[in-house]
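I opened this model to look up its pockets, one of its sheets and its salt bridges. My notes follow in the order in which I took them.

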Amino acid sequence: MIKNFQIQKTDLTGAILIAPFVAEDERGSFIKDYSCELLEQHHISHNLKEVFYTESHKGVIRAIHFQRVKEQAKLVRCVYGHVYDVIVDLRPESDTFGRWQGFHLTGKNHLEILVPEHFGHGYLVIQDAIVSYKCAERFYGEYDDGIRWDDTDIAVNWPLELVDHQIILSDKDKKLQSFKEFRQKYCW
């Protein structure tokens with residue numbers, strides 16, 4: 001069975017859900033999850049600078065991360081396992097500023113999300129997972145920032161029942177700012 005490359009707009013302006021090219025047969029599958037040419041045909045520019053992979057255990061929450069300067073647009077796909085991927089619009093001039101949207105990304109559904117610059121991004125690991133980030137800008141540790149996963153103003157509805165409410169957070173993510181603090185710092 002062959003599934004062709006498909007693009008779908010999300011509720012947040014500029015963010016796009018992508019179903020990549022997938023060819024499946026009795027051997028398994030062949031997946032093409034990035035093509036500059038196919039993206040350009042849909043008027044999407046995403047030139048790769050770096051590619052990262054994370055391996056995470058069930059229950060890990062990677063909070064709402066972003067880069068303050070030299071913002072990174074990211075094409076994110078769960079290569080193995082299952083994550084509940086969350087994006088947050090952090091553009092003060094946007095009509096969807098402060099809103100979030102979540103997506104179930106799995107190694108089986110092959111879906112990926114194009115996270116624009118000036119968005120926050122995080123996820124909850126539902127099953128042990130490997131996640132790929134295809135970034136259009138380098139990572140700069142000195143500009144790395146984030147917002148708490150449990151911020152009450154953004155109010156992400158994480159499906160914690162899928163991990164029996166057992167979450168794992170990094171020390172760094174436990175100390176992140178609130179959305180209110182973010183607004184005071186960056187949204188003058």
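**Sheet**

I began with strand β4 (residues 21-25), which is joined to β5 by five bridges, the two running antiparallel. The model is predicted, so I kept to its limits: local features need pLDDT of at least 70, side-chain atom pairs count only at pLDDT 80 or more, and totals for chains, interfaces and linings use all residues. Residues are numbered from 1 along each chain as its sequence is written, and side-chain values use heavy atoms, with hydrogens and water left out.

For the elements I took DSSP runs numbered from the N terminus: helices are H or I of at least four residues, strands are E of at least two. Two strands count as paired if DSSP finds at least two bridges between them. The open sheet has three strands in the order β1-β4-β5, with antiparallel pairing. β1 (2-3) and β5 (28-32) are at the edges with a single partner strand each, so one side of each has no neighbour in the sheet.

**Salt bridges**

My rule was a side-chain nitrogen of Lys or Arg within 4 Å of a carboxyl oxygen of Asp or Glu. The count by this rule is eight salt bridges. I noted Asp 33 with Lys 134, 2.9 Å from N to O. Asp 33 sits in the loop between β5 and α1 (36-41) and Lys 134 in strand β11, so this pair ties together parts 101 residues apart in sequence. For burial I used relative accessible area: buried is under 20%, exposed over 50%, partly exposed in between (1.4 Å probe, protein chains only). Asp 33 is buried at 13%, and Lys 134 is buried at 7%. I also found that Asp 33, Arg 77 and Lys 134 are linked in a salt-bridge network.

Next I checked Arg 91 and Asp 89, a salt bridge whose closest N and O atoms are 2.8 Å apart. Arg 91 is buried at 15% and Asp 89 is buried at 0%.

I then looked up Asp 144 and Lys 172, a salt bridge of 2.3 Å, N to O. This pair links distant parts of the chain, with Asp 144 in strand β12 (residues 144-147) and Lys 172 in helix α2 (residues 171-174), 28 residues apart. Asp 144 is partly exposed at 21%, and Lys 172 is partly exposed at 41%.

**Pockets**

A pocket here is an open set of points on a 1 Å grid over the protein atoms alone, with protein on both sides within 12 Å along at least five of seven lines; lining residues have an atom within 4 Å of a point. I read a volume as the space filled by probe spheres set on the points.

The largest pocket has a volume of about 360 Å³. It has 16 lining residues, and His 65, Lys 74, Tyr 133, Phe 139 and Asp 144 lie nearest its centre. β6 (50-56), β7 (61-67) and β11 (119-135) each supply at least two lining residues, and β7 gives the most, five.

The second largest pocket holds about 280 Å³. It is lined by 17 residues, with Arg 68, Glu 71, Leu 90, His 118 and Phe 182 closest to its centre. β7 and α3 (179-186) are the elements that give two or more lining residues. I noted that the largest share of this lining, three residues, comes from β7.

Definitions and conventions. 1 Å grid on protein atoms, 1.4 Å probe; cavity = no way out; pocket = protein on both sides within 12 Å on 5 of 7 lines; lining within 4 Å.
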